[in-house]
Amino acid sequence: MKRPAAARGQTELGWLHSRHTFSFGNYFDPDNMGFRSLRVINDDVVEAGGGFGQHPHRDAEIFSYVIDGELQHKDSMGNGRIIKTGDLQYMSAGRGVLHSEFNPSPDKPVHFLQVWLKPNMGGGEPRYAEKALGRDVRPNSLTLLFASEPRDGAIAIRADAEVYFGKLDAGKQLTHRSSAGQAQWLHVINGDLATLGERLETGDGAAIENAETLELKSREGAEFLLFDLK
């Protein structure tokens with residue numbers, strides 16, 4: 001099932017331009033409340049100097065991927081970082097955490113994805129991690145970002161999910177094999193992707209079930225996220 005970029009929900013606040021793959025905030029769509037443990041994919045552009053003030057989260061696995069620009073993160077665990085283009089920041093809210101996110105630039109917007117996964121348990125101590133994808137991602141392959149059990153350099157998360165970053169050069173393809181009963185969600189960060197007879201472009205998503213093998217191809221080149229979900 002394809003979820004076209006143009007069909008996503010929208011939030012426009014002057015300083016914020018957001019597109020919501022699933023219901024979020026004032027955007028409610030009963031047909032798009034999430035997919036398995038995947039709850040939120042927000043495609044956000046925050047104007048220079050804008051941002052989200054301190055606000056609470058609990059029982060959510062949250063990560064942000066900076067597509068372009070810089071994102072400043074602060075939280076009640078004492079973390080204060082600027083996440084740069086191509087890098088990743090993860091926070092497990094656990095029993096509760098406060099955080100804020102701002103664009104520290106005086107003149108450039110920041111474009112980033114924020115993703116929430118539902119945890120497989122409630123509570124727990126909040127935790128934080130970062131990953132410098134800019135130097136770690138391999139072309140024409142899948143790089144494992146998150147997994148319920150740490151392996152291959154992945155960050156351990158409290159969710160029954162594996163999350164991969166995919167990068168394909170023009171004309172290249174790769175294969176992903178999954179366990180029986182798993183489902184996948186694809187989100188195209190930029191470029192084009194084709195699988196199972198469906199063509200996806202920037203901002204598009206797709207739910208995939210009952211496919212233990214995925215052949216992923218790109219005509220012009222692509223960067224994307226692949227969620228492998230119980």
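The legends below describe close-up views of a predicted model.

Figure 1. The largest pocket has a volume of about 280 Å³, and 17 residues line it. Leu-16, His-20, Phe-24, Asn-42 and Phe-52 are the lining residues that lie nearest the centre. At least two residues of the lining come from each of β2 (9-12), β3 (16-20), β4, β5 (51-57) and β11 (110-117).

Figure 2. Strand β4 spans residues 38-46 and contains Asp-44. Asp-44 has a relative accessibility of 5% and therefore counts as buried, the cut-off for buried being under 20%. Not counting residues up to four places away in sequence, Asp-44 touches Leu-16, His-17, Ser-18, Phe-52, Val-110, His-111 and Phe-112. With one of these, Ser-18, Asp-44 makes a polar contact from side chain to side chain, at 2.4 Å. The C-alpha atoms of Asp-44 and His-17 are 5.8 Å apart in space, while the two residues are 27 residues apart in sequence. Leu-16 and Phe-52, both touched by Asp-44, are also among the residues nearest the centre of the largest pocket.

**Figure 3. Strand β6 and its two antiparallel pairings.** In strand β6 (residues 61-68), 7 of the 8 residues are buried, so the strand is largely enclosed by the rest of the structure. β6 pairs with strand β9 (residues 88-92) in the antiparallel sense, over 5 bridges. In this pairing Ile-62 stands opposite Met-91 of β9. β6 also pairs with β11, again antiparallel, over 7 bridges. Here Val-66 is opposite Phe-112 of β11. Phe-112 is also one of the residues touched by Asp-44.

Figure 4. Of the 8 residues of strand β15 (residues 161-168), 6 are buried, so β15 is largely enclosed by the rest of the structure. β15 and strand β13 (residues 141-147) run antiparallel and are joined by 5 bridges. Phe-146 has Val-163 of β15 as its bridge partner. The pairing of β15 with strand β21 (residues 222-229) is antiparallel and extends over 8 bridges. In that pairing, Leu-225 of β21 stands opposite Phe-165.

**Figure 5. Ser-37 in the loop between β3 and β4.** Ser-37 is located in the loop that links these two strands. The relative accessible area of Ser-37 is 12%, so this residue is buried. Leaving aside neighbours within four places in sequence, Ser-37 is in contact with Trp-116, Leu-117, Lys-118, Asp-160, Ala-161 and Leu-229.

**Figure 6. Pro-119 in the loop between β11 and β12.** Pro-119 sits in the loop between β11 and β12 (127-131). With a relative accessible area of 23%, Pro-119 is partly exposed, because buried requires a value under 20% and exposed one over 50%. Contacts of Pro-119, apart from those with neighbours within four places in sequence, are with Asp-59, Ala-60, Glu-61, Arg-158 and Ala-159. Pro-119 and Ile-157 are 38 residues apart along the chain, and 8.1 Å separates their C-alpha atoms.

Technical notes. Residues numbered from 1 in each chain as written. Predicted model: local features only at pLDDT ≥ 70, side-chain atom pairs only at ≥ 80, totals over all residues. Heavy atoms only, no water. Helix = DSSP H or I, 4+ residues; strand = E, 2+ residues; numbered from the N terminus. Buried < 20%, exposed > 50% of the residue type's maximum accessible area, 1.4 Å probe, protein only. Contact = heavy atoms within 4.5 Å. Polar contact = N/O pair within 3.5 Å; in protein donor to acceptor, adjacent residues only side chain to side chain. Pairing = 2+ DSSP bridges. 1 Å grid on protein atoms, 1.4 Å probe; cavity = no way out; pocket = protein on both sides within 12 Å on 5 of 7 lines; lining within 4 Å. Points joined across faces, edges and corners; volume = space filled by probe spheres on them.
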